[in-house]
Amino acid sequence: TDVSVRTSSCSGLTFDNLDVSKPAGAQGGTGINISSSSGAMTVKNCKVSNRRTGLYCDGNANWTVIDNDLRTSGFNSNEPALYFTSVSSGTIAASNNLFGGTGANVALRLHNCSNKVIGDVNATPAAANILINDADGLLDLSGTDVSIYATNCSNLTFDNLDVSKPAGVQG
């Protein structure tokens with residue numbers, strides 16, 4: 001499997017200013033795969049382009065995922081640009097991540113996540129765990145899959161998000 005960076009069963013890691021983009025051609029592999037994590041986990045200022053899965057964040061950690069360029073990543077609902085899984089009691093603080101572009105079909109997937117708010121700056125309650133502003137690229141997804149996909153989750157709030165598709169694109 002084509003993975004640029006993979007960790008497992010780690011705690012207290014920071015990934016800052018990495019470029020794990022795949023060169024031109026078809027989307028491939030995963031940019032950063034962080035599995036079975038705990039403690040504070042941070043991914044910031046990273047460029048993850050042209051990947052089937054951009055960032056894979058697994059584990060009941062306290063996640064900070066900010067200022068990443070995930071454009072042209074996100075192949076389908078099983079391989080999105082940003083994937084959070086098994087964060088039921090851990091925290092998520094995600095913002096200023098860019099999505100969309102050629103080949104980008106799915107921006108965000110949540111699996112086994114609970115008690116999170118996904119919204120823009122006008123979300124209620126005011127502090128969205130996953131902040132996605134209108135200019136962050138949800139409107140620029142080129143495929144016909146879903147923008148955001150959630151499975152086996154509880155107590156999620158989706159508020160004030162524009163997930164409409166451009167004219168002529170069904171989803």
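Me: At 4% relative accessibility, does Arg-51 count as buried or exposed?
Reply: This is a predicted model, where local features need pLDDT of at least 70, side-chain atom pairs count only at pLDDT 80 or more, and totals for chains, interfaces and linings use all residues. Residues are numbered from 1 along each chain as its sequence is written, and side-chain values use heavy atoms, with hydrogens and water left out. A residue is buried under 20% relative accessible area, exposed over 50% and partly exposed in between, with a 1.4 Å probe and protein chains only. Arg-51 has 4% relative accessibility, so Arg-51 counts as buried.

Me: Which residue forms a salt bridge with Arg-51?
Reply: A salt bridge needs a side-chain nitrogen of Lys or Arg within 4 Å of a carboxyl oxygen of Asp or Glu. For Arg-51 the closest N and O atoms of such a pair are 3.0 Å apart, and the partner is Asp-2.

Me: How many residues apart are Asp-2 and Arg-51?
Reply: Helices (H or I, at least four residues) and strands (E, at least two) are DSSP runs, numbered from the N terminus. Asp-2 is in the segment before strand E1 (3-8), and Arg-51 is in the loop between E4 and E5. The pair links distant parts of the chain, and the separation in residues is 49.

Me: What is the N to O distance in the salt bridge of Lys-44 and Asp-16?
Reply: Lys-44 is partly exposed at 27% relative accessible area, and Asp-16 is partly exposed at 38%. The side chains of Lys-44 and Asp-16 meet with an N to O distance of 4.0 Å.

Me: How many salt bridges does the count come to?
Reply: One part of the picture is a network of salt bridges that links Lys-47, Asp-69 and Arg-71. By the rule for salt bridges, the count comes to five.

Me: Which side chain of opposite charge is nearest to Asp-58?
Reply: Lys and Arg count as positive and Asp and Glu as negative, while His and the chain ends are not counted. Asp-58 lies in strand E5, and is buried yet has no salt bridge. The nearest side chain of opposite charge is 9.7 Å away and belongs to Arg-6.

Me: Which residue has its backbone oxygen reached at 3.0 Å by the side chain of Gln-27?
Reply: Gln-27 sits in the loop between E2 and E3, and is buried at 15% relative accessible area. A polar atom of the Gln-27 side chain lies 2.8 Å from the backbone oxygen of Thr-72. The backbone oxygen reached at 3.0 Å is that of Gly-103.

Me: How many residues does the largest nonpolar core have?
Reply: A nonpolar core is a set of buried Ala, Val, Leu, Ile, Met, Phe, Trp, Tyr and Cys residues joined through side-chain atoms within 4.5 Å. Those with the most contacts inside the largest core are Leu-55, Trp-63, Leu-82, Phe-84, Leu-108 and Ile-130. The number of residues in this core is 32.

Me: What is the relative accessible area of Phe-99?
Reply: Phe-99 lies in the loop between E8 and E9. Residues that Phe-99 touches, not counting those up to four places away in sequence, include Leu-70, Leu-82 and Ile-132. Phe-99 is buried, with a relative accessible area of 4%.

Me: How many disulfides does the count come to?
Reply: A disulfide is a pair of cysteine sulfur atoms within 2.5 Å. By this rule the number of disulfides is zero.

Me: Which cysteine has the sulfur nearest to that of Cys-113?
Reply: Cys-113 counts as buried at 0% relative accessibility. Cys-113 is in no disulfide, and the nearest cysteine sulfur, 5.1 Å away, is that of Cys-153.

Technical notes: Contact means heavy atoms within 4.5 Å. A polar contact is a pair of N or O atoms within 3.5 Å; within protein, one must be able to donate a hydrogen and the other to accept it, and residues adjacent in sequence count only if both atoms are side-chain atoms.
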